[in-house]
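Here is a short briefing on one protein structure. Look it over first, then work through the points.

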Amino acid sequence: MTEIVLANEPLIRIAFFLAILAALAVWEVAAPRRRREIPRLIRWTNNLGVVVVDTVLVRLAFPILAVGLALMAEARGWGLLNVLGVPGWLGLIVSILALDLAIYLQHVMFHAVPALWRLHRMHHADLEFDVTTGLRFHPVEILLSMGLKLGVVAALGPPAIAVLIFEVLLNATSMFNHSNVDIPHGIDKVLRWIVVTPDMHRVHHSIHPSETNSNFGFNLPWWDRLLGTYRPQPREGHETMTIGIEQFRTRRDLWLDRMLIQPLRGPASGYPINRENGDGT
Ligand SMILES: [Zn+2]
């Protein structure tokens, strides 16, 4: 079973990606959370353009990706879990938790270090918040993120299937928690104990630095609650809050070419954590 899954890895990834993207797009049209101000055509073509650039660059830059490295580690006995001979089911749970925590911590670092914020702010500069926002990451951030994942995989030695599940899950939850879908408050309240919901993650896309620097989780909501970065709701309300950052607010800034050079433009501004010129509120 595992062999069949791993042999069809690219197909599995693309099938989940397209199916979830399509389902969320339909849901956004049927039951939107916020009113749309910018035509979908501009944002969707450019945000999906970033996905193509990211995918090509990551494939070109790394001779081996996370699942491939996990297979290699399994075969050669590398990494903590392989050295300890941890049973498969336990390895699976530990690996998914460890990878998710690593991504959470990486996300905090991308907000804390001004040079990294320059890369990550491209994700936050989207002027609306929908399923394609969850795919809009600067290629250099994607490369650094893959580097970190490879490091975790080499050190931990997770089962290859755990890495594949984690990557498919992260891709799916990132699309879900950025989607502009209306989930009734009562359901959201229960759901956000299990997974990061759109209402939880929208707080992170507020224009106010104190809200931007909260709710860093992409997948599991527990890290924010455990480590003190959880903020339940935006202070201006989900429907009226301003999405984005103070820089890069023109429609031209939403184009692919501007997104790619954005890290080099303007100051790092007041967003990085503990900046003295931040509003601190
Ligand atoms: Zn962020």
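Is Asp-253 buried or exposed? Asp-253 is buried, with a relative accessible area of 5%. Buried means under 20% relative accessible area, exposed over 50%, and partly exposed in between (1.4 Å probe, protein chains only).

This is a predicted model: local features need pLDDT of at least 70, side-chain atom pairs count only at pLDDT 80 or more, and totals for chains, interfaces and linings use all residues. Residues are numbered from 1 along each chain as its sequence is written, and side-chain values use heavy atoms, with hydrogens and water left out.

**Zinc site**
- Five histidines coordinate the zinc ion through NE2: His-107, His-111, His-120, His-124 and His-204, at 2.1 to 2.4 Å.
- Donors are N, O and S atoms within 2.8 Å of the metal (3.2 Å for Na, K and Ca); water is not among the atoms, so sites may look incomplete.
- The donor spacing in sequence is H-x3-H-x8-H-x3-H-x79-H.
- His-111 and His-120 are buried.

**Salt bridges**
- The whole structure has 15 salt bridges; each is a side-chain nitrogen of Lys or Arg within 4 Å of a carboxyl oxygen of Asp or Glu.
- Asp-199 and Arg-33 form one of them (2.9 Å, N to O).
- Asp-199 lies in helix α11 (residues 198–202) and Arg-33 in the loop between α2 (9–30) and α3 (40–61), so the pair ties together parts 166 residues apart in sequence.
- Helices (H or I, at least four residues) and strands (E, at least two) are DSSP runs, numbered from the N terminus.
- Both Asp-199 and Arg-33 are buried.
- Arg-43 and Asp-126 also pair up (2.8 Å, N to O).
- That pair links helix α3 with the loop between α7 (114–124) and α8 (139–156), 83 residues apart.
- Asp-253 has a salt-bridge partner in Arg-265 (3.3 Å, N to O).
- Arg-265 is partly exposed, with a relative accessible area of 27%.

**Largest pocket**
- The largest pocket has a volume of about 1,000 Å³.
- On a 1 Å grid over the protein atoms alone, a pocket is an open set of points where a 1.4 Å probe fits, with protein on both sides within 12 Å along at least five of seven lines; lining residues have an atom within 4 Å of a point.
- Grid points are joined across faces, edges and corners, and a volume is the space filled by probe spheres set on the points.
- Helix α2 gives the largest share of the lining, seven residues.
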